[in-house]
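Let's take a friendly walk through a protein chain together. Have a look at the picture first, and then we will go through it piece by piece.

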Amino acid sequence: MEQVTYFEDYEIGSSRLTSGRTITETDFVVHAGHTGDFFPHHMDAEFMKTTPFGQRIAHGTLVFSVGVGLTANVINPVAFSYGYDRLRFIKPVFIGDTIRTRTTIAAKEDDPKRPDSGRVIERVEVLNQRDEVVLAADHIYIVERRPRLG
C-alpha cells in the first residue's frame with residue numbers, strides 16, 4: 001500500500017505492528033546460501049545440542065531481514081531509508097518461532113544536508129510469539145517536508 005506521509009505528519013510515539021511470520025529450517029538454509037554464513041550455530045544441530053541454546057539459532061541478519069521485510073507493506077514515496085543505527089540481537093530466534101515487528105516513531109530532526117527534508121527515526125523491535133523483543137534497531141528515514149504553497 002502506498003501512503004504519502006510528509007515529515008510534518010509523523011507523530012512521535014505513533015506505532016504499528018505487522019503480521020507474523022514463522023521462521024523455518026528452509027529460511028536458515030536459504031539465508032546461509034545467500035550470505036555464505038554456514039556457521040555451526042545456524043547449521044549444525046548436533047553441535048548446538050552441546051550449547052546452552054540446545055538447538056540451532058537463526059542468523060541475526062536473517063531475523064533483521066525478515067523483520068524489516070514485514071514492515072514493507074506501507075510504502076511512502078516521499079521517504080527513503082538512510083540506514084540503521086544501534087542494531088542489537090537481543091534474544092535468539094529458533095526454527096518454529098513466529099516473529100512480527102513493531103515500529104514506533106522515536107524522534108524527528110532537521111537534515112543538515114537537505115533543507116527540504118527531515119530525518120525521522122523509527123524504533124524497530126522484532127518480537128517473538130511470547131512478545132519478547134529479539135532484535136532492536138533505529139531506522140533512519142529521510143522524509144520530504146510538505147511542499148510550500150505559493
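Which residues does Val93 touch, not counting residues up to four places away in sequence? Val93 touches Ile23, Phe28, Arg56, Ile57, Ala58, Val63, Ile99 and Val134, where contact means heavy atoms within 4.5 Å.

Before going on, a word about the model. It is predicted, so local features need pLDDT of at least 70 and side-chain atom pairs count only at pLDDT 80 or more, while totals for chains, interfaces and linings use all residues. Residues are numbered from 1 along each chain as its sequence is written, and side-chain values use heavy atoms, with hydrogens and water left out.

**The chain as a whole**

The chain holds 4 helices and 6 strands; these are DSSP runs numbered from the N terminus, with helices (H or I) of at least four residues and strands (E) of at least two. From the N terminus on, their order is β-β-α-α-α-α-β-β-β-β. The C-alpha trace spans about 70 × 30 × 25 Å along its principal axes. Of the 150 residues, 38% count as buried, meaning under 20% relative accessible area, with exposed being over 50% and partly exposed in between (1.4 Å probe, protein chains only). Among contacts with a separation of 6 or more, 70% come from residues 24 or more positions apart.

**The cores**

In soluble globular proteins, nonpolar side chains tend to be buried together. A nonpolar core is a set of buried Ala, Val, Leu, Ile, Met, Phe, Trp, Tyr and Cys residues joined through side-chain atoms within 4.5 Å. The largest one here has 13 residues, and Ile23, Val63, Val93 and Ile99 touch the most other members. H4 and E6 are the elements that give two or more residues to this core, and H4 gives the most, with 5 residues. A second, separate core of 7 residues includes Ala79, Val120, Tyr141 and Val143.

**Helix H1**

Which residues of helix H1 (residues 25-35) are buried? They are Asp27, Phe28, His31 and Ala32. These four cover an arc of only 125° around the axis, so they sit on the same side of H1; the arc is that of the directions from the helix axis to the C-beta atoms. Thr26 and His34, on the other side of H1, are exposed.

| Element | Residues |
|---|---|
| Strand E2 | 21-22 |
| Helix H2 | 40-43 |
| Helix H4 | 60-70 |

After H1 comes Gly36, with a positive phi near 80°.

**Ile140 in strand E6**

Ile140 is found in strand E6. Is this residue buried or exposed? Ile140 counts as buried because its relative accessibility is 11%. Leaving aside neighbours within four places in sequence, Ile140 is in contact with residues including Phe80, Tyr82, Arg119 and Ile121. The C-alpha atoms of Ile140 and Lys108 are separated by 9.5 Å, and the two residues are 32 residues apart along the chain.

**The largest pocket**

The largest pocket is lined by 24 residues, of which Tyr10, Arg16, Val74, Glu122 and Tyr141 lie nearest its centre. E3 gives the most to the lining, with 4 residues. A pocket is an open set of points on a 1 Å grid over the protein atoms alone, where a 1.4 Å probe fits, with protein on both sides within 12 Å along at least five of seven lines; lining residues have an atom within 4 Å of a point.
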